[in-house]
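This report walks through one protein model. Please look at the sequence and the fold, then read on.

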Amino acid sequence: MSNLCIFAAQNRKEDIFFMTQTPQQKASDELDKISKEELMKAQSNTPIEDDGCPWYALRLFTLRQMDVVNSLADMGMEFFVPMQYVDYMDREGRRRRKLRPVVSNLLFVKKTFEPSFLSSAISDLPYKMMVVRKSRGSREFCEIPSKQMYDFRVMCNPELLIHKYMSEEEAKLKVGTKVMVTHGPLKGLTGKLVRQSHKYYLLKEVPGMAVMIKVTRWCCQPMEE
């Protein structure tokens with residue numbers, strides 16, 4: 001599922017563009033490719049699978065998101081940072097694309113340890129952060145079920161062309177029907193089928209954020225509540 005929507009036509013366009021470049025431009029593009037590979041590696045250090053392990057959401061109060069990620073990885077934790085492509089103009093006026101975190105104040109950690117270990121670990125780091133709780137005033141961490149997190153991670157694949165990210169609060173205002181995708185490359189995913197601008201989207205929420213991807217409604221089957 002992690003290789004969804006890799007289109008041959010796009011690859012051909014990139015090949016043609018690359019052949020017409022100067023040696024200096026090629027060298028610059030190779031640096032961009034390295035950056036992309038590094039960022040993709042930073043996106044997650046665990047395979048996308050529904051292995052039954054729940055996840056936690058960590059809310060950060062620091063701008064050093066990747067430093068936090070590296071610190072957690074050094075402790076052996078498994079993490080996920082949603083990424084998306086961002087277009088920008090370089091110094092030569094050429095349009096470029098880079099992978100960037102969707103939000104800078106949130107990341108997800110897989111529960112492969114006791115909650116007390118996570119509390120101790122983040123308290124020892126020189127960065128201010130907190131684990132999202134079940135409710136305001138609760139001391140219990142909010143666990144994201146494995147299936148919910150699996151669907152969310154698949155839908156966050158930056159190669160998917162039609163993405164829309166939003167806050168958890170915005171997602172709750174969306175009216176829709178709980179469905180399962182029964183056909184196509186997104187088969188097996190579940191979420192809320194919502195309509196926006198005469199198009200249908202599959203909406204998936206997790207603590208702190210949500211993602212929507214375009215879907216054909218005839219490929220979706222309503223689920224019992």
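Is Ser197 buried or exposed? Ser197 is exposed, with a relative accessible area of 54%. The model is a predicted one.

## The loop between β9 and β10

Ser197 sits in the loop that links β9 (190-196) to β10 (199-206). Its phi is positive, about 55°, although Ser197 is not a glycine. His198 lies in the loop between β9 and β10 as well. Phi of His198 is near 65°, again a positive value in a residue other than glycine. Most residues other than glycine have a negative phi. His198 counts as exposed, at 72% relative accessibility.

## Overall make-up

The protein has six helices and 12 strands. Of its 225 residues, 39% are buried. The protein exposes about 13400 Å², and carbon and sulfur atoms supply 52% of that area. Among contacts with a separation of 6 or more, 69% involve residues 24 or more positions apart.

## The six-stranded sheet

Six strands make an open, antiparallel sheet in the order β7-β11-β10-β9-β8-β12. β7 (163-166) and β12 (220-222) are the edge strands, and each pairs on one side only. Neighbouring strands of this sheet are turned by 40° against each other on average, direction ignored.

Inside the sheet, β10 pairs with β11 (residues 209-214) in the antiparallel sense, over six bridges. Lys204 stands opposite Val211 in β11.

Helix α5 (residues 146-155) lies across β7, β9, β10 and β11. The helix runs at about 130° to β10.

Which residues touch the most other members of the largest nonpolar core? They are Phe108, Met149, Phe152, Leu189, Leu202 and Met209, out of 29 residues in that core. Several elements each supply at least two residues: β1 (55-60), β5 (106-110), α5, β8 (176-181), β10 and β11. α5 gives the most, with five residues.

Leaving aside residues up to four places away in sequence, Leu189 touches Lys147, Tyr150, Asp151, Val154, Met155, Val179, Met180, Val181 and Leu202.

A second, separate core holds 23 residues. Leu58, Met77, Ile122 and Met129 are among them.

## Strand β1 and its partners

How many residues of β1 are buried? Five of the six are, so β1 is largely enclosed by the rest of the structure. β1 runs antiparallel to β5, joined by five bridges. Within this pair, Ala57 has Phe108 of β5 as its bridge partner. β1 is also antiparallel to β6 (residues 129-131), with three bridges between them. Here Leu58 stands opposite Val131 in β6.

## Cysteines

How many disulfides does the structure hold? It holds zero. A disulfide is a covalent bond between the sulfur atoms of two cysteines. The cut-off used here is 2.5 Å between the sulfur atoms. The sulfur of Cys219 is 6.5 Å from the closest cysteine sulfur, in Cys220, so the gap is too far for a bond. Seen from Cys220, the closest cysteine sulfur is that of Cys219, at 6.5 Å, too far for a bond.

Cys219 is partly exposed, at 22% relative accessibility. Cys220, by contrast, is buried, with a relative accessible area of 12%.

Cys156 is found in the loop between α5 and β7. Cys156 is buried, with a relative accessible area of 0%.

The table gathers the accessibility of the residues discussed one by one.

| Residue | Relative accessible area | Class |
|---|---|---|
| Cys156 | 0% | buried |
| Cys220 | 12% | buried |
| Cys219 | 22% | partly exposed |
| Ser197 | 54% | exposed |
| His198 | 72% | exposed |

Terms used. Residues are numbered from 1 along each chain as its sequence is written. This is a predicted model: local features need pLDDT of at least 70, side-chain atom pairs count only at pLDDT 80 or more; totals for chains, interfaces and linings use all residues. Side-chain values use heavy atoms; hydrogens and water are left out. Buried means under 20% relative accessible area, exposed over 50%, partly exposed in between (1.4 Å probe, protein chains only). Helices (H or I, at least four residues) and strands (E, at least two) are DSSP runs, numbered from the N terminus. Two strands pair if DSSP finds at least two bridges between them. Axes are lines fitted to C-alpha atoms, for helices over the stretch in contact, and angles run from 0 to 180 degrees between N-to-C directions. Contact means heavy atoms within 4.5 Å. A nonpolar core is a set of buried Ala, Val, Leu, Ile, Met, Phe, Trp, Tyr and Cys residues joined through side-chain atoms within 4.5 Å. Accessible areas come from the Shrake-Rupley method with a 1.4 Å probe; for residues, only the protein chains shown count as cover.
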